[in-house]
Every structure is written in structure tokens, then in C-alpha cells.
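Please read the following report beside the sequence and the 3D view.

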Number of protein chains: 2
Amino acid sequence: MKYLGTFLMVLCVSFIGLAQKTIEVNSPDSRLRLNVTLQQNGEVTYSVLLKNNAIIKPSSLGFRLSKPALLLNHFKIVSVDTSTHYDTWTPVWGEVKTITNHYKEVKLNLKSVNAGNVLVQIVFRLFNDGVGFSYEFPEQANFKHFVVDEELTQFNLAGNNKTFWIPGDYDTNEYLYNTTKFSDIHALAAAHKEKDIALQSLIADNAIQTPLMMKTPEGIYVNIHEAALVNYPVMHLLADRKNFKLTTHLTPDAVGNKAYLQTPAKTPWRTIIISDKATDILASKTILNLNEPSKIENTSWIKPQKFIGMWWEMHVGKATWEKSSGKHGANTANVKKYIDFASENGFDGVLVEGWNEGWEDWFGNWKEEVFDFVTPYADYNLDELLAYAKQKGVKLIMHHETSGSATNYERRIDKAFQLMNEKGINTVKTGYVGKIIPRGEHHDSQWMVNHYNRVADKAIDYKIMLEAHESVRPTGLHRTYPNWLANEAARGNEFNNAPTLGLVPEHETILPFTRLMGGPMDYTPGFFRMHLNQFVPERKTRVRTTIAKQLALYVTMYSPLQMAGDLPENFNVHPDLLQFIKDVPVDWDDTKILEAEPGDYITIARKQKGKDNWFVGAVSDENTHKATINFNFLDKGTKYQAIIYRDAPNADWNTNPEAYIIEKVMVDSNSILSINLAKGGGCAISIFK
Amino acid sequence: MKYLGTFLMVLCVSFIGLAQKTIEVNSPDSRLRLNVTLQQNGEVTYSVLLKNNAIIKPSSLGFRLSKPALLLNHFKIVSVDTSTHYDTWTPVWGEVKTITNHYKEVKLNLKSVNAGNVLVQIVFRLFNDGVGFSYEFPEQANFKHFVVDEELTQFNLAGNNKTFWIPGDYDTNEYLYNTTKFSDIHALAAAHKEKDIALQSLIADNAIQTPLMMKTPEGIYVNIHEAALVNYPVMHLLADRKNFKLTTHLTPDAVGNKAYLQTPAKTPWRTIIISDKATDILASKTILNLNEPSKIENTSWIKPQKFIGMWWEMHVGKATWEKSSGKHGANTANVKKYIDFASENGFDGVLVEGWNEGWEDWFGNWKEEVFDFVTPYADYNLDELLAYAKQKGVKLIMHHETSGSATNYERRIDKAFQLMNEKGINTVKTGYVGKIIPRGEHHDSQWMVNHYNRVADKAIDYKIMLEAHESVRPTGLHRTYPNWLANEAARGNEFNNAPTLGLVPEHETILPFTRLMGGPMDYTPGFFRMHLNQFVPERKTRVRTTIAKQLALYVTMYSPLQMAGDLPENFNVHPDLLQFIKDVPVDWDDTKILEAEPGDYITIARKQKGKDNWFVGAVSDENTHKATINFNFLDKGTKYQAIIYRDAPNADWNTNPEAYIIEKVMVDSNSILSINLAKGGGCAISIFK
């Protein structure tokens, strides 16, 4: 990380009226403007404008504390600090080689009035593509420990935005996205349609989750989320559907409190990414920039990975996690087949679910001691498989399903990680299916946020790479924890097998604008058998994409940890398509968002880490889309061979999903290709120098 | 442990009416009778009689479950198993050398009617001095995991008993005892008088705690408690003050559930100790007998101990736990003085509180990560003190105050115990002051019960002896965990420094009938400066006993872990009295309860483990008492020298507490001594062969 400069900026401080005081800041490129105002009554508000168009109207800030019982939303300004920051930094892995961190900062040093003289700092950072702000509570003599009853942050929208939302829920984010006008948000009705989510903890009909993607009536794209969620609960949002206003609703703990803090304390950053181009939203690094640098000094043990897994057999009813059924998937012979397949096709790892004792009653009983994370089933010979995998040049990936019992996991995690160290297993997939223990806590409450982060810290101690399922949705913490490769934390590809709503073709055109804004997702793309009834027959489930789109997802859904989700025998039906998955890398030197519209289409080109190869992915929603790919990102004057994996002209996610064409063409930086994506379709292109 | 015999007994099964069926069992000595009846409506009731006098009238049994939602209180009898058991066993330490375990057992194999056909077993064990019963849920096809909403056990008393009670409270049992008629129980009023208890979680005006001591209008002594509290919440009792009926009220968890169980499951034993002699209550081993045998095979590392501690300095304001005050007690030089004193006077150990970082804000903030249990304050040189103590032949005793944050302790306990192993510290005092984390759990809820037991298990792994403060009150688990030497879990001697109610002279005549029924207490006797204002002057606090009574407590308050509570300099004022504390052992071959009346007086003689010495303690309440000591427990025809430490004739706990007489007399098995105990007084006698 390089700090190239921090210098004082000249502030435009205007005095409107008698006591009202406004601080105005422009983004480094002057595109965005932030106004922070101390209102006459002592309220502090902020507003954000893009090219003089109000995006966020004056919105108030503050806190309601339960201990001490204080309402912190009227202040006087003690002082204001301003600065400009510019540096670049190199992520351990990522979409680009180097990230620029350029912002103007305004720090308001406030003192609460009529409420305890509490010192509060509100820090704004204005980037070219958005704004982040957080509250800080510095050390002070008479205010040390405090309990947050609610954070009173507002996002006062300028109009009735088109909104991509999922219902507010303390325990799950595995919902389909709803696309409605802001005024038409109805979270409960939407949630009640979702029969495939085992555990719902709904909040209110107007409660929605972040990352929240919106488009203003004027066509401006706005994304609201948070960055660096540490020692604080997840922020949900309550929509005032009449006045187009959002207010924070923090996830409560078992007794209804939101957060227990001790000065010096700070909240996560509240982020608003704004652009008139949807592609800028996807390219934004503001959430990452608002996170702290890596905790890990020597990161040589961290490697992006492609992997397959013993898991989909269980989802489609071919095998089970539990041994007692008589068709236990994770038996030694079966896992060897996966190792063979991984080895033959160049995958780094094989995830094995159902390897350990406890699956007989792992779910639904709020049982505390389900798994011990170290005892394999009798038919799973760990040492034999480790030796076999080693000989084949493949790594096993550990699976720690906690069934939501975080207390049990915390008690056993050292032994579990010690076993991994002993056996040379350096990646773990954790899972949090079911109601949380400590009972009364939620997946999104402060205690659990701390738990996930503790696990990531512990993984650092043991040099273990981590991905978490059913955990809190990410907030850019992978900058700080580069060993934390990915999360699920949204509706993944596995929902193609869900018995009711499942997935819809537009899902993958929304996820990059929502869930992925916070960090990589283990979406598990790569399903090669698409037709009805190929899974559990009685469910009549099926994949809702064309087969070409499954390939495109490896590019459009960024993750340093990419699975090929399907069964080996299904991949073997289409070895020509499998070639793309074998070729596509999981780490990149550059990324170009070529075109994007949330809910409609996304086309992205990425340059392989350390190589001159590029890969393009394009996906459509339930409609056809003509993807336009301008290859001007290629080196000038150089010819490249492009292998295009695209939908056949008669392809259709619903009626003809496995119809594809593979063609090889030569391209250069002057090439422009128009490629027709089928309904629910996609296109993947490998481009080799 | 020896099983001398198990054989079938002949049952008296009578049929009264058409469907009502009663099983009648007599205790081995025929003194007690238990009737178990299947009522016509399917209810199962039990009643207990002493010599044909009803003590417990027919009382119903059952459960209300929340998941599955079932009311399990109507049954049909599948079968009845009966047996008689006799064996003797040798405790690792205790009041007697050998314990006889003799009972008749009736096991009802029941099936619930109108509610799920759940198999429930109710097991009764009838001893000569009482009855224990527990519910068992055997493995069965259609009933596996279940959640207890409430246990529906009744104790239907025969009359308006004199009752020694403390208010029902999920988080503390540090109350003064109230002595009222059963009909006059008013828990809330009593609790609200108690200003010295920092954390109260009261239940209801009619809620009281166990062990519950009562005396019937006919003069029969009845004690209700539980044995072997494992994986279940603490049982409180709700008093129907009109009908003299008690019903169970289990401690809820954070979401209001009581217990999460999985078949095979069993509840703790509900115990009713009954005798027409109060001394039999104190001598009862029924609660111990109902616990499982020792988990520890090689117990050679377990040693009863006498110790002093760096703690009272803090209570009386001479020093502080925290270092930031500038008068940190646990500094190296100061602790050396304690080691010197312990070494000079033959104490085994020195407890050091406030040795570790975190005390600056350890209490009252529901803070999760207060202590790490391994980092000493900079002015506490652990290694230097360990070397010094070793050279002086004294052990340091570790202190792990958790401030109620059990999750934090569980995460750090391995490192904490590893440190103890490395440093050769083999005893730990744990503490649970404050609101529990996981937040919403209580000191008495199932999760915390499991926590305390987990700590005891972990202590076995590390060969560590344990005593817990502010933990759940014991239920005889020290049979199973002989490394778990003692608990606080009641109002201890430290309350002499409490600013309001403090202690009362009768307190120590009630505790053995209540709190101590479940197991040893770390009461911290041995205060030598008794007068007003010797502690924190502004509190006007003082010890509410005579000085001789402080000595007597070492005999009347059984514990294998006895502290001498006062400051070294206070002991040095009365070296002649200190001699008794130096002489009195903490492990015994025999115990004779010579006389006892709850709330009035107790006189006990105990024989030193492995030696022919006896020690007598006698205590009175706020009245004088003439203790009659018949020495017929001594070996016939042998002369013993008795050193009597007694109240001077003008002694009085209130007006003249430090007036005492020490005299030496010769006694033999024909001797009978009458000794006058002052108001709040006592007498201690060492008897050497």
C-alpha cells in the first residue's frame, strides 16, 4: 500500500440562514457533490448530488442508545477536519491488479446537545463513484460503554426509484430479487411466496436488505450497502414508501439490543455508489477501499482456486450426506472418482460434504452439539484419500457445517483446524444452516458478525483459506482478510433444484449489482444437464439458464474460488464446453465492464493474472440480448484467437437450454462482435494471445 | 464402588376403584412409604408418608413440551420394574469414609395417552431418609428431539410448613433466608429489600429456590432439592400458598424455552429428604447417591485444601482488583507477604484475585471480551511468585473471573488451563459476576448448566481442581466430578461487608440445611476483626458472629476447600485462635451431627481423615444456645485432649464479638460437655488422641 499524499483541501463552507451551516465537498473529479449541514435545530444532515441532480436529499444522522438512554441526533460542531487522500494498493487477488483509493474526507467532530455531551465523529469519504460515511465514538471521560438501540441513519431518496430488493430478514438472504418501484416494496408478501427457505426471520413489510440496487427515474444508478462490518450488526433498511426514504434497522440480539460498543468505537461505513452508467457500479472499488488493509503480511499461502465437489449428488437425490440412509455420498471409493476427475481436468480441489459424523439429525432441532469436525464416517478413509489426492496433484477441501451452532464450532475450531494442518488441508467451507446458537442470536446479529470474523482470524492463525455459506453477506472484508475467499450469502445456483420458486433467468443479471457489491460469491456455476426432471424427479426442477450462460457466469460472477458445480458424469457429456471451465482463470489483472443493466444483461471482459489472455462473459435475463463486445481492450496490433461458446440460434433456457455453438475466430483491438444471447442465455469467450 | 446386590422386590400393588392402580413401596427400614398411583383419568401421582403421616400428598407429574407441542401428563402404564439396590462406595474426599447407597427402585414405563404415544419412564428411588425421582425419555422411533416448555412436577405439601426460603431468581442465590409459614412466602417483597445484590432476575412473588428446607406443623423436617443437574435448567418452585403446593418452574433460555433434549434423555432427580430428626437431614447422602460415580479414574492429583487469599483487601477497600486505581492489591511484593503467611501457618495455597489485566471495566457493561485469563498485570510477576511460592512450599491458586461472559471463557479456556499446567498451578477459582453472555441466558439456564459442567470436564482433561463462584447451586455433582471441590452459589461470609442487609447470625444455621445439601460451599470463614467500621468505614459494616463462631464454621460448613478469609495482619492479632484453623482438617473419615435445628443451632463432630483426631463445631443463631456435646463418638477407654475455643461469658456478636476463651480439657467417650454459645456465637473444639 502506498500513500501518495494527504493534504488539506479548501472547503466551501457556506452559511445559509442564521445558524444553519453547510459544508460542501466535491468528488475528486467533481462529478459528485456532498453537502453536510448542521441544521438550525442541531440535526446533522447530508445530501449527495450527481452533476447537480439530487440523488440523496438531506438525510439525518444519529443514534438512539438504550444504555445510557440517550438520543444522539442533535449536535453542535466542535470542529471539522478535511483532507484528500490518494493512494494505490495491490490486492492479494482480485478483479484488477492495482486499486486506486482516491477520496476527499470530511470529519465532523460533534458534541451531542441535550444528551450527555457525547463526542461523536462522523466521517465522510467522497470518491468519484460514491460516498462512504461512518460514525466514530472517540475515547472520552464520561462515555465509555454504550448499547445501541437503533442507528438513525437516513437515505432520503430523490424519487420513486426502480428498486431491486429482497425482504429484510435477520437470518437469510437467499431470496429471489424483486424489481419494483420503491413505492411498491412489499417485503412480507414477497417473502411468504418463498417456500424453499427453511428459516425466515422477517422484520416488516417495508424492510429490505442491502446491497440495495436502484435506478432513479432519471436513469441514475444508486447502490446502498455497507463496508467493513466489524463488531456491529447487519444493517437492514426500512422503506418509507410514501416519502421515498430509507432508515437503518440494525439486527437485534437475543434480548433486542443492537450493538454493545466501547469507546473508541466506530460503525461500518454506509456506502452509496452513484453513477449514470451501470457499468461504473460494477467497477466500483469504493467498498473495498473503505475496508482496512490486509491483516496478513505474508500471503504466499493464499491461492485462488477452481474446485469440484461431492455435494450436488446429495442435492439431486443421488446420494445423501448422512450415512444411515445406505447411499452415503462421501465414501472413499466415490470420492476417489471426484479426485480422478479433478486431476484429469486440472481442478485444484475437491470439496467433500458429508464426510463427518453427525448428519443423521443435523438440521431443524436447534441441537448444539451436532458435529465435532474431526470424526469421519467409517466409510470415509481420510488418510487414504489424502494420499490418493496428493498422488493425483489435487487438494481436498474441508467442510465444516456448523448447523448454526456457532458456540459448538468455537469450542472445537482449534482441534478442527489442527486436524487440517496435520493433514495438509488448507481450505475450508463453513456452513451455518439453521437457527443460530447462541439461541436468540441471528445470522446477522453483532455476536454472529463477530463470530464469522473470529473464524477468519483463527483461519489466519492456521494459514487456512475460508469460504462461508449461510453467513452474513460480505462488506469488502476480503481486503482485510484475503484468506477469506468467498461467501454464499445469497441465492446460489443450487436453487435450480429448489422445489418451488427456484431461480429465474434475471437472477444472475442482478446479483453482481447487489450481493456481489460486497465481495465474491461461491455461486457454484457449471451445471451441464439443464432439462426438467434431471434432478430429484418428483420435484420437477431444472436449471433456468442455457448451458452457454453457465460458462459465462465464471466471468460475470467474480470469485477467486469458483466451483464447477455439476456431477463429473454430466461434465463428461460436454467435454468441449468443459474446456472453457478448464481454461478460465480465477484471478485477474484487469476487468472491463463492457455493458450492464441490472435485471437485463451484463457483459464483462477480464484479463488473466500474469498472462495476456482475456475472457469474456455475457449473460441475459429472460429476454434475448444482443451483446456488443468491443475488443479495444486488447493490445493494439496483436492478433488473438477467440473461442466463442455461445447459444445456438434456437437456444432458449426454457425450451432448448443445451443448444450451443463453439466457434474459433481471430480478433484484435479493432474487432467488435455482436453476439445474440438467447432468452436466459449467455456467451463465454476465451481469448488467447 | 461395590454393588453388593440387586434383586427383585415383592410389590404391593393394590387396585382401588376400577382403573386406579397404586404401587406402594416402603423404604428399606420401612420408615418411609411411597405411593405411586395411576389415577382414573390417566394422571400419575406420587405421595410420601413418614410413619403413616402424609408428608407429600398425591402430587402429579408430567411435562408440557413446545416442540412437538404436547402435554405429557396423562399416561397408561406399559410395565413396572422394581428392584432393590445396596452398595457402598468411597468418596475421593468427604464427610465420611464410606457411603451406603441403599434404596428400593420403582420404574414406571409409561406411554402418553392423547398425546403422541410418547414413552416416558419415571424412576423412583426410595431411601431410608428420602426419595428421589426422575423422568427418562428412552430412545423411540417417533420421538427424538424435543423442547421442554415446562416440567409439571408437583410437591403437594400436607400442611402449612415452616419454610426457609430465598426468592426465586434466574441469576443469583445470594439472598438472605426468610423463615415464614409456607402461606406467607412473598418472594418479591423479600428480594426488593436486598440492595446488595447487583443482578436480580426475579420470577414471581411465589417463586422460591431449592434446596428448600421446611418443617411440618408436626415437627417433621422436609428438604426439597434436585440431584445430578446435567443438561437441564435449574428447577425453581412456585408456591401455591393457599393449597400448600409447589410446582416446578424451570429456568428459561434466551427465547423462553426451558430445555432442549434428545432421546435417550433424563431429567435431574427431584429429591425429598424427610426425617423427624433435623440431624438426619444434614447427615443424608441421598443427593450424592443419586449422582453418577466419579468420571475420574486416577484421583491421586485431587487434594482437599486450606488456603488464604488476596481478596479481602479489595472487599474492605484497602486495595483494588484493578491496577489503574494506584492501589493494586495483586502486586508482586504484596502477594509475597501472603505466601509468607501461608507458608508460616501451613496453608496449602494462596488465591490471588486481580492478577490479570481487564479489571478496569470488568463489571456492569455486558462486555464479552473482558479477560484473556493469561495476561498478568505488569506489576504481577507470575514467574517470580511461582518460584517464591515453590520455595516456601505453597501453591498459587488461579483466579478466572469471567464476568459472566461464558462464551469468552470457553474460547480461551484451553490456553488458560495450558498456562496453569505449564506453571504448575492446579486449582482454579472461577467467577461469574454479572449478566451472562450468551446474552439472554441466565446463570441457571440449561446452556449455563452445560457450561459449568463443560468447564469441570475440561478441568479433568488438564488435571485441575475447580471451585466456582456465582455458578449454579450444586446438586451433588461433586461425586461425579471430585475435582470440583466447591462452589459459592449462596450468600457467603463476604456479605459481612455488604452495605445494607449483610448477614444475620442465623444464616449459618440455615445454610447447611439449604445450600449445603447440594454440596460444599466456599463460605470463606475466618474473619478475626469483628467490630463496626473495620472494613470500608463509610459502609458501617461488620461481621455478624462472635470470633469463636468463625472457627466453628470450619466444622459446621463442610467443604474440602476452606479459606481463611481475613487479612494476614488480622490473623496475627489472635495467633491462639489461628491455631484452630491451622489444626482443623478439610477431609474427614466420619461425621456426627450431634444436634441441629434449622435457623437455631447446629453442632457437628468430625473425625480427621486417616487420624484419630476429632473436631467439633457448634453455632447458634441470634439467640444464646447451650450446646450439648456427648463425646460417645470417641474410642472407648481412651483419653483425648480437647482444646475448646468458645465464647467468653460476656461475648455477643453485636456488642462483644471478640471475647473468647481457650481452654484445654481431657475428655473420653463418657464425657458430656454443655457449652454456652453467645448470641450469634459458636464453639470449636480440637480433640487430639
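This is a predicted model: local features need pLDDT of at least 70, side-chain atom pairs count only at pLDDT 80 or more; totals for chains, interfaces and linings use all residues.

B:Glu410 and A:Arg411 form a salt bridge in which the closest N and O atoms are 2.6 Å apart, a salt bridge being a side-chain nitrogen of Lys or Arg within 4 Å of a carboxyl oxygen of Asp or Glu. B:Glu410 and A:Arg411 also belong to a network of salt bridges that links them with A:Glu368, A:Glu369, A:Arg412 and B:Arg454.

Residues are numbered from 1 along each chain as its sequence is written, chains are lettered from A in the order in which they are written, and side-chain values use heavy atoms, with hydrogens and water left out.

## The two sides in contact

In chain B, 25 residues are in contact with 25 residues of chain A, where contact means heavy atoms within 4.5 Å. The side of chain B that touches chain A divides into 7 nonpolar, 7 polar and 11 charged residues; here Ala, Val, Leu, Ile, Met, Phe, Trp, Tyr, Cys and Pro count as nonpolar, Asp, Glu, Lys and Arg as charged, and the others, Gly among them, as polar.

Between them, chain B and chain A bury about 2100 Å², 50% of it on carbon and sulfur atoms, buried area being the accessible area (1.4 Å probe) that two parts lose on being put together, summed over both. In chain B, the residues that lose the most area to chain A are B:His145, B:Arg411 and B:Arg439, which together account for 25% of what that side buries.

## Salt bridges within chain B

The side chains of B:Arg529 and B:Glu658 meet in a salt bridge, at 3.3 Å from N to O. B:Arg529 lies in the loop between helix 9 (507–510) and helix 10 (547–556) of chain B, and B:Glu658 in the loop between strand 36 (640–647) and strand 37 (660–667) of chain B, so the pair ties together parts that are 129 residues apart in sequence. Helices (H or I, at least four residues) and strands (E, at least two) are DSSP runs, numbered from the N terminus.

B:Arg529 is partly exposed at 22% relative accessible area, while B:Glu658, at 15%, counts as buried; buried means under 20%, exposed over 50%, and partly exposed in between (1.4 Å probe, protein chains only).
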